[in-house]
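Biologist: Please take a close look at one part of this model, the contact between two of its chains. Then set the other contacts beside it.

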Protein chains: 4
Amino acid sequence: MIVQLVENISASQKQSVLNKIESVGYKTTEVKTQKGDYLVCIGKSDFDIREIGNMDGIQDVHVVSDSYQLVSKKWKAERTSIDCGDGVFIKEGDFAIMAGPCSIEGEDNIKRTIDFLVKQGVKFMRGGVYKPRSSPYSFRGMGMDGLKLWYKLAREAGLKIVTEVMQVSQVEPMYDYVDIYQVGARNSQNFNLLDELGKVDKAVMIKRGISGTIEELLFSAEYVFAGGNENLILCERGIRTFENASRNTLDLNAIPILKDKTHLPVVADPSHGIGIRKHVEAMSLASVMAGADGVIFEMHEQPEKAFSDGQQTLNEAEAASLIDKMRKTVALRESF
Amino acid sequence: MIVQLVENISASQKQSVLNKIESVGYKTTEVKTQKGDYLVCIGKSDFDIREIGNMDGIQDVHVVSDSYQLVSKKWKAERTSIDCGDGVFIKEGDFAIMAGPCSIEGEDNIKRTIDFLVKQGVKFMRGGVYKPRSSPYSFRGMGMDGLKLWYKLAREAGLKIVTEVMQVSQVEPMYDYVDIYQVGARNSQNFNLLDELGKVDKAVMIKRGISGTIEELLFSAEYVFAGGNENLILCERGIRTFENASRNTLDLNAIPILKDKTHLPVVADPSHGIGIRKHVEAMSLASVMAGADGVIFEMHEQPEKAFSDGQQTLNEAEAASLIDKMRKTVALRESF
Amino acid sequence: MIVQLVENISASQKQSVLNKIESVGYKTTEVKTQKGDYLVCIGKSDFDIREIGNMDGIQDVHVVSDSYQLVSKKWKAERTSIDCGDGVFIKEGDFAIMAGPCSIEGEDNIKRTIDFLVKQGVKFMRGGVYKPRSSPYSFRGMGMDGLKLWYKLAREAGLKIVTEVMQVSQVEPMYDYVDIYQVGARNSQNFNLLDELGKVDKAVMIKRGISGTIEELLFSAEYVFAGGNENLILCERGIRTFENASRNTLDLNAIPILKDKTHLPVVADPSHGIGIRKHVEAMSLASVMAGADGVIFEMHEQPEKAFSDGQQTLNEAEAASLIDKMRKTVALRESF
Amino acid sequence: MIVQLVENISASQKQSVLNKIESVGYKTTEVKTQKGDYLVCIGKSDFDIREIGNMDGIQDVHVVSDSYQLVSKKWKAERTSIDCGDGVFIKEGDFAIMAGPCSIEGEDNIKRTIDFLVKQGVKFMRGGVYKPRSSPYSFRGMGMDGLKLWYKLAREAGLKIVTEVMQVSQVEPMYDYVDIYQVGARNSQNFNLLDELGKVDKAVMIKRGISGTIEELLFSAEYVFAGGNENLILCERGIRTFENASRNTLDLNAIPILKDKTHLPVVADPSHGIGIRKHVEAMSLASVMAGADGVIFEMHEQPEKAFSDGQQTLNEAEAASLIDKMRKTVALRESF
């Protein structure tokens, strides 16, 4: 059960509400976000929710049968819109395209990508400055210096930055230089990191775990929301199965299922999903038709020379063609 | 290596060719289909294939690096077109829609479905008369009587029949009453059944195994082709993964990968793939954009009363809407 | 619900029972095996089962909450013992060792294996005469001629034969020459084959499907039992997962779970399970401790030269060592 | 390639070695642990390693074909022994039993468990003070206060503490109160945490990821080793598969495979692996026979009342019986 409080609830009103909820057998967690003040109440007892709904200081009460609560569509029918500033949104009806290199590689690479994206009218640039790598001997990214350089150039061009945060101690230093914090698949259940991201007011995009269930992804989002941050985006990026013909199995089934279960926007990552350059286009267009609110993909001026993930990275001509086809496909979808 | 022989090769010419191939260290299987006469040669030795290509009686020679041979796109660049008679084809550029109930339930059910499909301009009707069921106590289908009744009504209406064959002994009795034999996911590696279907000249649609790899599906098709029947269609119908939010995980990655590896047409089955009625539309449209040559889905005049699979079956209004949207999506795809 | 009838029930008594069962809302399937006459009743209505239990002609009535019925331990607490003739059993307390080559390769191979097994006191010899192969160009086994030769030699030595049956039409010709029909992983849900094996009175060992759930394996056994044959053995042989370091993932969890759910004996197949010769011993001994009633493994006088599966096949010294260690491990387990 | 340096190598000697390695085309990472000084050299060029082996300051040179290096058995044939102080080791030939509650629940719970373990001669007590939970509304552990209390009581009783560390910022505060830092399955690829644990000199036990491959587990260990800490233990705790009859699929195949690939000790966790109380014993004994160097399991004086994981937790009588049987099984294994 979610109890939404009015903005100016008095201390005594709140105490009465808490007493009432406790008296009917629920355990309560208070959640204060930038957008509202909620009581998330976990319990099983049957009682007439109007008894609470009619109390002073209550804006709304919702019974939510899902085990995740705040991210469920059962209490918030209206879809969440993520405001990234400067009139840039991620929301239903405003398809988000995010593109850029796997790793930020230096000034030339950044500038070249920005020029391309601006020309294409794309608003989000992706890129890694902290790279999770299986082997400790691999390139791990340019770090904060790369991020600051990238930020300066992207701001001048009016682009928004999407980049991965790997640990709690990076959240604060990165704050001034990112628009969307990305939580990678390997950190999808790094609960301390999720808690920490609940404290900031910038958007967070959570990737599904390598073998994460759809429900676990929703719970990861619930962590950030319960920590205080409602600006959440979910990302399907492929799961691990027995099939080895693709790098991962991009699970497009997750798109309509997530859109049905949560009010949060859902983005697809076909580059990591299928992991094969020549098939990224087909899977991107399929993601659109499956209902995605955006697509994030990897591109590079010379994929063969990219520091990482070259095998799944598009060149500029391929990226331009994909962007054009995605927009036409979105237009058809919107016409239905 | 595939050696394609000329139609009128003489016995002595063929013997020379066989001797030559053996002398360079290959093991040969002769494959005679309705369309051609091939020698499939398995081996590893290096030699100049022009030594064979220049012999009398040879139409063409292809080196195929895949472990499956006859179904590989590496020797047959032109895509296979399945001729179902009466001007009905399954081929690239002629998107195939197959619809109907999970199980054929009786005369009323057949007639109602036929009327709907004819009105929609759909050419293929699906339905089961032999049903594989996990439990021995479940309904197992109407059998040959149902098939004969269905055939009579479908022929009058000009519809083609797609239905599952479960065992070797059914192949011959069903022959006069089917247009496309469907091999179900549980029989995807029933090699005796595949061998037997190599002997008939009607189309065979092979579903991917419940946990079948893409390569195994190609090998299953290779069995039928090597048995003599080139009229093959592959069907992606969802694989088994850890995720339980969907019935299966419809693996759309398989569509572009299969289209890249084989010359055979590829069909998607979103009904079994995601297994959730309200999401069948999204996954069908995604299948189109992933590159499918057709979609097969379950529909029923009253899904709630269907003998089986009601939870993933569309009603007529939903089916009509889906058919319309699929055609528009195909048109957009063709325009790219 | 399972209603066990007395042996000499009269026609009118049986009709009364059937009427009664129908009147309380159950659907009934009659199952006659070599050992008994049962009514398997599927339904949900609540009523006092003593109303049936007290009728004439009833030996026993059991409510079974599992969806599979006849193979459930909920109605048959006593564990099933498989009588293979000549005083050879597969049952709890009489650990069964089954060994031999992947494929029967000829007279020398058979004789050599028999000599070894007799010397070791092993009672069951395994071997394939019909081999399911992914590729149509691979060796498919010696067929009936190989089986007849093997039978002659095995009988003289007092050994029991375990071999795979691949299709319905092989069941009858093989009957005189096998002691245990093995159903392979790819045929685990070949329901026609399971039905057919319900008609014979020889033991049937069903392997778990490549991605078969434990429940599906029990349903496959239910098919054979409902077809009339109670002589059933289940075999865990490894499932398909994302892990590629082993050929399959031998799922030893299945052993205690199956032993808890069913009264049938359970055998492990570590050769196919892990698929790595040097680790077959560890997994065999682990299978014993997990509670298996037997182990089936592949051995060959020269594994490097075996026609198939050489990479997971033990030589004679390794097999002898394994047999010795398994017996000591069984002895320890029995002492607990 | 791993180049092990002598303890007192001079700066100029080291520089010569580094120059030489670079000249043959390798990229070098220097790794200094409490036990030695290594150069891990990644590259592919062919050259005679004796050219390096004969230089001054070199203790040993090993070519390692695995992609992980320092944890590979290919350069360190001798098995690693973990010294936990006070004569307590984790090593081959000294089977480690680790037991205790899922979560540390308070003084009574700690004392009761300690009394039991001391009586049984068990040296390691497990328990969580920081609990990763899917839902943000679940109990997350007693934290540092619980750990300090536990430490005080455990030290008095001579027990070693095994407990999970969830994030970088906990490593230092926990240092004085733990004997073995446990990295949980969800943090198995939290590379920052692994880096941080490379800086401490206490043992680290890394659990395999929920869908982590065996190779990924070895790479996670490589991170800690390359960070400077050789005191590493690997733990198989079950992987995620399609099977739902068990909580996870305890993958015992991983035990012999890991023991073959690495010199590190390997422990099994049957409690989380199968997740069903009545089957923990069978899987523990199977783990022993598969070759595990230790078993970690959950126990509680009243499993029904445990704060978490009660469904897989043994009571004291069950734990005592398991410990006794494990020791007998280890004895048998050692006798082979």
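Modeller: A:Asp260 forms a salt bridge with B:Lys278, with the closest N and O atoms 2.8 Å apart. A salt bridge here is a side-chain nitrogen of Lys or Arg within 4 Å of a carboxyl oxygen of Asp or Glu. The rule finds four salt bridges across the interface of chain B and chain A. It also finds eight residue pairs in polar contact there, both residues at pLDDT 80 or more. A polar contact is a pair of N or O atoms within 3.5 Å; within protein, one must be able to donate a hydrogen and the other to accept it, and residues adjacent in sequence count only if both atoms are side-chain atoms.

Four helices of chain B, α8 (254–261), α9 (270–274), α10 (280–290) and α11 (316–335), each supply at least two residues of the side that touches chain A. Of these, α10(B) gives the most, with six residues. Helices are DSSP runs (H or I, at least four residues), numbered from the N terminus. By class, this side of chain B has 18 nonpolar, 11 polar and eight charged residues. Ala, Val, Leu, Ile, Met, Phe, Trp, Tyr, Cys and Pro count as nonpolar, Asp, Glu, Lys and Arg as charged, and the others, Gly among them, as polar.

This is a predicted model: local features need pLDDT of at least 70, side-chain atom pairs count only at pLDDT 80 or more, and totals for chains, interfaces and linings use all residues. Residues are numbered from 1 along each chain as its sequence is written, chains are lettered from A and ligands numbered from 1 in the order in which they are written, and side-chain values use heavy atoms, with hydrogens and water left out.

Now the extent of the contact. Chain B puts in 37 residues and chain A puts in 37 residues, contact meaning heavy atoms within 4.5 Å. About 2900 Å² is buried between chain B and chain A, and carbon and sulfur atoms give 72% of that. Buried area is the accessible area (1.4 Å probe) that two parts lose on being put together, summed over both. B:Phe242, B:Asn253 and B:Phe336 supply 22% of the area that chain B buries against chain A, more than any other three residues.

Next, the symmetry. The superposition is by least squares on the C-alpha atoms of residues with pLDDT of at least 70 in both copies. The same surface serves both copies, as 100% of the contact residues of chain B recur in chain A.

Chain A also meets chain C. Chain A can be laid on chain C with an RMSD of 0.1 Å by a turn of 180° and a shift of 0.1 Å along the axis. That is the relation of a two-fold axis. The C-alpha of A:Phe242 is the nearest to the axis in chain A, 2.1 Å from it. Here four residues of chain A are in contact with four residues of chain C. Chain A and chain C bury about 350 Å² between them, 62% of it on carbon and sulfur atoms. A:Arg240, A:Phe242 and A:Asn244 lose the most area to chain C, together 88% of what that side buries.
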